[in-house]
Amino acid sequence: AMTVPRLVRSSPALRGRLMLSWELEAATLTAAVTDDEDDLIAAAAVRSLVWANRVVFRAAMRRLIAGDDPAGVARDLRVEAERVYARLDLGLASYGA
């Protein structure tokens with residue numbers, strides 16, 4: 001079940017392609033938020049939210065590859081994800097208001 005994540009982690013080329021696809025996703029989401037290509041606040045806000053999701057996902061993959069119990073990983077990271085998004089909410093709450 002963890003074969004693909006292990007393969008991606010071990011391949012610089014695959015990691016690079018993954019990073020490029022994540023950047024394309026962030027650019028697409030930023031374009032959905034603003035028509036101004038130079039809106040650095042929108043770009044930073046979108047990337048903050050997108051990367052928050054990615055760091056939680058990467059933590060999950062790292063722990064699962066290490067053999068941690070999936071239920072325990074989900075439980076722990078649910079709490080951590082809530083903390084991450086609560087912190088971001090403090091800084092982004094007034095964005096777009």
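Hi everyone, let's start with the pocket: helix H3 gives the largest share of the lining of the largest pocket, six residues. Helices here are DSSP runs of H or I with at least four residues, numbered from the N terminus. This is a predicted model, where local features need pLDDT of at least 70, side-chain atom pairs count only at pLDDT 80 or more, and totals for chains, interfaces and linings use all residues. Residues are numbered from 1 along each chain as its sequence is written, and side-chain values use heavy atoms, with hydrogens and water left out.

H1 (3–10), H2 and H3 each bring at least two residues to that lining. The space in the largest pocket is about 400 Å³. Of its 14 lining residues, Val 8, Arg 9, Leu 18, Trp 22 and Arg 58 are the closest to the centre. A pocket, on a 1 Å grid over the protein atoms alone, is an open set of points where a 1.4 Å probe fits, with protein on both sides within 12 Å along at least five of seven lines; lining residues have an atom within 4 Å of a point.

Now, which residues form an aromatic pair? They are Trp 22 and Trp 51, edge-to-face, 5.3 Å centre to centre with 85 degrees between the planes. The rule asks for ring centres within 6.5 Å, taking the six-membered ring of Trp, and edge-to-face means planes over 60 degrees apart. Trp 22 lies in H2 (residues 12–33) and Trp 51 in H3 (residues 40–65), so the pair ties together parts 29 residues apart in sequence.

Methods
Rings of Phe, Tyr and Trp (its six-membered ring) pair if their centres lie within 6.5 Å; planes under 30 degrees apart count as stacked, over 60 as edge-to-face and the rest as tilted. Grid points are joined across faces, edges and corners, and a volume is the space filled by probe spheres set on the points.
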